[in-house]
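I'm opening my notebook on this one and jotting down what I look up as I go.

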Amino acid sequence: VKRIIQKVHHDVECEFVTACKCDSLEITEKERADIAKKVLETSSQKVVITHGTDTMIETGKYLKSQLETQKASEKAVVLTGSHRPDKFVDSDASFNVGCAVGAL
């Protein structure tokens with residue numbers, strides 16, 4: 001994501017935090033809890049999470065329940081993924097990250 005954001009000229013202040021680096025098919029409740037913890041710990045009210053598309057819905061549901069439980073539902077969280085990773089020539093990652101940032 002950092003590489004994608006650095007390609008464009010923007011005046012948005014960004015912080016990049018890694019919560020998990022695994023295939024989305026390998027994400028368990030532990031990884032989802034780690035992601036939720038990072039979202040809850042950040043002072044930012046706007047968060048973009050890049051996530052594999054296979055289990056993005058499950059993570060989204062988990063995050064929603066955690067944010068509501070922790071009374072942090074005022075945070076805007078957008079999950080985004082791509083069909084082809086940014087490393088590939090015909091990747092949709094840059095477009096999807098741009099849309100996610102634009103949504104916030």
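This is a predicted model: local features need pLDDT of at least 70, side-chain atom pairs count only at pLDDT 80 or more; totals for chains, interfaces and linings use all residues.

**Entry 1**

I started with E68, which counts as partly exposed at 45% relative accessibility. My cut-offs: buried is under 20% relative accessible area, exposed is over 50%, and partly exposed is in between (1.4 Å probe, protein chains only). Residues are numbered from 1 along each chain as its sequence is written, and side-chain values use heavy atoms, with hydrogens and water left out.

Which side chain does E68 meet in a salt bridge? I found K64, at 3.6 Å from N to O. A salt bridge here is a side-chain nitrogen of Lys or Arg within 4 Å of a carboxyl oxygen of Asp or Glu. K64 and E68 are both in helix 3, four residues apart, about one turn of the helix. K64 counts as exposed, at 53% relative accessibility. I also looked up the general rule: an α-helix has 3.6 residues a turn, so residues three or four places apart point the same way.

**Entry 2: helix 3**

Helices (H or I, at least four residues) and strands (E, at least two) are DSSP runs, numbered from the N terminus. Helix 3 has 14 residues and spans 20 Å from first C-alpha to last, close to the 20 Å expected at 1.5 Å a residue. The expected span is 1.5 Å times one less than the number of residues.

Which residues of helix 3 are buried? I wrote down M56, T59, Y62, L63 and L67. Seen down the axis, they fall within an arc of 130°, so they line one face of helix 3. The arc is that of the directions from the helix axis to the C-beta atoms. On the other side I, noting the exposed ones, have I57, K61, K64 and T69. The buried residues pack against helix 2, strand 1 and strand 2.

I zoomed in on T59, which counts as buried at 0% relative accessibility. Leaving out residues up to four places away in sequence, T59 touches I27, R32, I35, H51 and L79. Contact means heavy atoms within 4.5 Å. After helix 3 comes K71, with a positive phi near 60°.

**Entry 3: helix 2**

Helix 2 (residues 29-41) has 13 residues and reaches 18 Å, close to the 18 Å expected. Its buried residues are E31, R32, I35, A36 and V39. They line one face of helix 2, because they fall within an arc of 140° seen down the axis. They pack against strand 1 (46-50), helix 3 and strand 2. The face turned away from the buried side carries the exposed K30 and E41.

Both of those turned up in salt bridges. K30 pairs with D34, the closest N and O atoms being 2.9 Å apart. E41 pairs with K37, at 3.7 Å between the closest N and O atoms. K30 is exposed at 54%, while D34 is partly exposed at 25%. E41 is exposed at 52%, and K37 is partly exposed at 47%. The structure holds four salt bridges.

What about E31? E31 is buried yet has no salt bridge, and the nearest side chain of opposite charge, K30, is 5.2 Å away. For charge, Lys and Arg count as positive and Asp and Glu as negative; His and the chain ends are not counted.

**Entry 4: K75**

I looked for K75 and found it in the loop between helix 3 (56-69) and strand 2 (76-80). Is K75 buried or exposed? K75 is buried, with a relative accessible area of 9%. Its side chain reaches the backbone oxygen of T42 at 2.5 Å. A polar contact is a pair of N or O atoms within 3.5 Å; within protein, one must be able to donate a hydrogen and the other to accept it, and residues adjacent in sequence count only if both atoms are side-chain atoms. The C-alpha atoms of K75 and K46 are 5.9 Å apart, though the two residues are 29 apart along the chain.

**Entry 5: helix 4**

Last stop was helix 4, where A93, N96, V97 and A100 are buried. They cover an arc of only 100° around the axis, which puts them on the same side of helix 4. F95 and G102 are exposed on the other side. A100 touches V48, V78 and T80, not counting residues up to four places away in sequence.
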